[in-house]
Structures are given as C-alpha cells and as structure tokens.
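User: I'm new to this one and would like to learn how to read a few of its features. Can we go through them together?

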Amino acid sequence: MKLFVYSIISAFLHISILQQVCCQNPRSHWTLLPNILLVEVDGSVGQQPLSCLESPEELMRRDNKTQDIFWKKDGVQEAQRGNSYLVQLEESLGGGNYTCHSKDGSLINHTVVLIQEEETQRRKILVKTDQEDYLRCSAQNYNGEFHCSWTWHRSRVGKVAFIKARRIADKDDTQCSVDTSVQRWKCSSGQSNFSCTVDRSGDGISCQDEKHCPYAEESQQVYITVYVRTEHFLVENYSKHFFLSEIVKPDKIKQLRGVCKRCDNPCADSKPTKNLTVQSTDICQFEVKHKAKAVCVRAKDALCNSQWSEWSHFRLRRGKKNKKNKRL
C-alpha cells in the first residue's frame with residue numbers, strides 16, 4: 001500500500017515538473033508571420049514543440065513514413081526524427097531556422113524560431129540616447145506621414161522582424177502583412193490603414209496612415225510597435241504612441257556673426273547675435289546685417305506643443321563692394 005501511495009505521489013511530482021517546464025518556459029508563443037514563431041521565455045530550461053506536418057490530411061497521406069522525417073537546425077542535421085521536434089530552451093538560447101526533410105533530403109517545411117525574453121529583463125538590442133525613448137518619431141506636417149528611428153547597441157546591430165501600426169482604438173482587428181522584396185509593411189483595420197517602409201540604413205521606418213484626414217482633429221493616437229532581432233534570433237519589441245500634432249516639426253531664426261568655424265553645420269554650437277521668432281503663415285521679410293555669415297532657421301507649430309525641427313542654414317555670400325544690409 002505504501003509503495004502504491006509512493007508511486008502515485010511520484011507520478012504527481014513528475015507531472016508537476018513537466019507542467020512547470022511546459023508552462024513556465026516558454027511562457028507563451030505565437031506566430032509572428034507565416035513560418036515565424038515567437039517564443040517568450042523566462043530564462044529557465046524548457047522545450048517548445050514544432051510539427052513538420054500539421055494538417056491531418058498530410059499525416060494520412062504520408063501514412064507511416066513520418067519516422068523517416070529528419071530535422072536540421074541552421075543547416076546542421078539533428079538527432080531528433082519524426083513529425084515532432086522539441087526545441088531546447090535555456091536562457092535566451094534556442095532560436096534558429098528549423099527545417100524538416102523527407103528521407104531523400106527534400107525540404108518539407110521550415111520554422112524560424114525567435115526568442116523573446118521577459119519584458120522585465122534589461123533591454124539588449126536598442127539603446128536610449130539623451131534620456132529619450134527608444135523610438136524617436138517625428139512628422140513634417142499633418143498629412144499622416146511620420147518617421148521613427150532608433151539606435152542599435154554597438155555590439156548587437158540587427159534588423160526589423162515585424163512592424164505593427166494602428167490607431168489606439170484598434171486592437172485585435174488589426175491585420176499586418178509584409179512584402180519582403182521591398183520591406184514594406186501594411187497594417188489595416190476598421191479605422192486606419194498604415195503602410196511602413198524600412199529605411200535603407202536599417203535604423204528607421206517611414207509610415208503613413210492612408211485613412212488620416214489632415215484637416216480633422218485627431219481623436220485616437222497612433223500606436224507603433226517595432227520588433228527587432230539579432231542574427232542570433234533574439235527579438236525585442238519597442239512601442240510608442242502619439243498624436244501627429246505632438247511630433248510634427250514646423251520658425252525661429254538666428255544670425256551668426258564672425259568667421260564660420262564649422263561651415264558644414266554652422267548652427268550647431270555658434271552663438272547667435274540675434275533671435276527672432278515669427279508666428280505667421282504669411283511670407284515674412286527681415287533685414288540681415290552685413291556682418292552676418294549665415295542665417296539659421298528652424299520651425300515649431302505655434303498651436304501645439306510640437307518638437308523643433310532640425311536647424312536649416314543659409315550661407316550669405318557678398319562681394320567686397322556689397323556691404324549693405326540685405327533682406328531675407
């Protein structure tokens with residue numbers, strides 16, 4: 001009787017351990033894109049099952065030949081065979097390109113496994129600059145276009161794995177797809193239709209809400225989420241939400257006097273001799289003294305707490321005989 005009770009207790013403990021491995025690591029998993037599986041881990045040892053043939057029709061068609069299926073991870077053949085494969089997870093390891101093959105070596109299916117650590121873990125892929133957010137977003141006007149950029153960690157330069165853009169009210173009904181040939185993402189829902197393109201540099205995206213009306217007041221914020229990954233299949237997601245009126249950049253002018261020490265960017269650290277703020281949509285004119293070497297201009301929306309634009313500068317070149325004040 002004692003042996004029977006001991007066996008039952010041991011069985012329960014065994015099931016409990018399996019449940020901990022199954023349920024704690026991975027904590028969750030979902031399909032990011034077709035054939036791309038994102039697995040969230042908590043750092044402990046665990047397993048994630050993969051299937052080569054997923055539909056019952058495929059299994060029936062292959063009958064008893066599933067044991068001939070073999071697997072490769074990143075092109076290297078693994079010992080596991082059969083329709084099912086267990087990805088071994090430990091800390092942030094386990095990601096890779098898993099392929100399954102028939103007996104003659106032909107490819108049957110493939111799954112890219114990306115690993116995402118708990119969000120409580122320290123960020124490793126992107127870094128903040130000047131205490132800003134990881135994502136820095138700006139818009140030049142109110143037509144629905146905006147740009148977001150980021151800074152890669154110096155030892156973990158990666159690439160974009162997934163983009164999701166929506167209005168804050170759109171939740172589960174937002175569907176996103178990608179055209180990999182041009183790295184263009186489209187996210188559509190009932191209230192918005194976003195199109196995003198990855199910059200050639202790989203450190204930013206340009207997006208447009210094609211349903212946005214530039215003459216109407218925004219009632220819902222834009223919510224942008226960017227998933228970035230490293231070559232070692234580690235992935236992190238970064239989000240930001242905003243009204244376009246909060247990130248738009250429209251004028252402030254300053255005159256520089258004396259020698260232009262940094263003519264490539266004379267507005268960076270030179271001290272202005274005069275500041276002039278203009279709040280007008282009309283064409284403005286003002287006098288520039290003959291000693292001024294450059295005029296620097298930047299813009300800010302007068303009605304919203306938007307960002308200042310980057311400095312634009314105009315070099316003033318005059319002949320020796322033409323030293324009169326000049327209108328700009």
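**Buried charges and a hairpin**

Analyst: Let's start with aspartate 209, which is buried, with a relative accessible area of 3%. Keep in mind that this is a predicted model, where local features need pLDDT of at least 70, side-chain atom pairs count only at pLDDT 80 or more, and totals for chains, interfaces and linings use all residues. Residues are numbered from 1 along each chain as its sequence is written, and side-chain values use heavy atoms, with hydrogens and water left out.

User: How should I read "buried"?

Analyst: Buried means under 20% relative accessible area, exposed means over 50%, and partly exposed is in between (1.4 Å probe, protein chains only). Arginine 167, at 6% relative accessibility, is therefore buried too.

User: Which residue forms a salt bridge with aspartate 209?

Analyst: First the general idea: a salt bridge is a side-chain nitrogen of Lys or Arg within 4 Å of a carboxyl oxygen of Asp or Glu. Here, the partner of aspartate 209 is arginine 167, and their closest N and O atoms are 3.1 Å apart. The two sit in distant parts of the chain, 42 residues apart: aspartate 209 in strand S17 (residues 204-209) and arginine 167 in strand S13 (residues 159-167). Strands here are DSSP runs (E, at least two residues), numbered from the N terminus.

User: Which residues are linked with Arg167 in a network of salt bridges?

Analyst: Asp209 and Glu218 are. Glutamate 218 meets arginine 167 side chain to side chain at 2.9 Å, N to O. Glutamate 218 is in the loop between S17 and strand S18 (222-229), and arginine 167 is in strand S13, so this pair ties together parts 51 residues apart in sequence. Glutamate 218 is buried, as is arginine 167.

User: How many salt bridges does the count come to?

Analyst: By that rule, 4. One of them joins the side chains of aspartate 133 and lysine 240 (2.6 Å, N to O). Aspartate 133 lies in the loop between strand S9 (126-127) and strand S10 (136-138), and lysine 240 in strand S19 (residues 235-242), so the pair ties together parts 107 residues apart in sequence.

User: Is aspartate 133 buried or partly exposed?

Analyst: Partly exposed, at 42% relative accessibility. Lysine 240, by contrast, is buried at 17%.

User: And how do I read paired strands?

Analyst: Two strands pair if DSSP finds at least two bridges between them. Strand S4 (residues 70-73) and strand S5 (residues 76-81) pair in the antiparallel sense over 3 bridges. Lysine 73 stands opposite valine 76 in S5. S4 and S5 form a hairpin with 2 residues between them, and aspartate 74 in the turn has a positive phi of about 55°.

Terms used: Helices (H or I, at least four residues) and strands (E, at least two) are DSSP runs, numbered from the N terminus.
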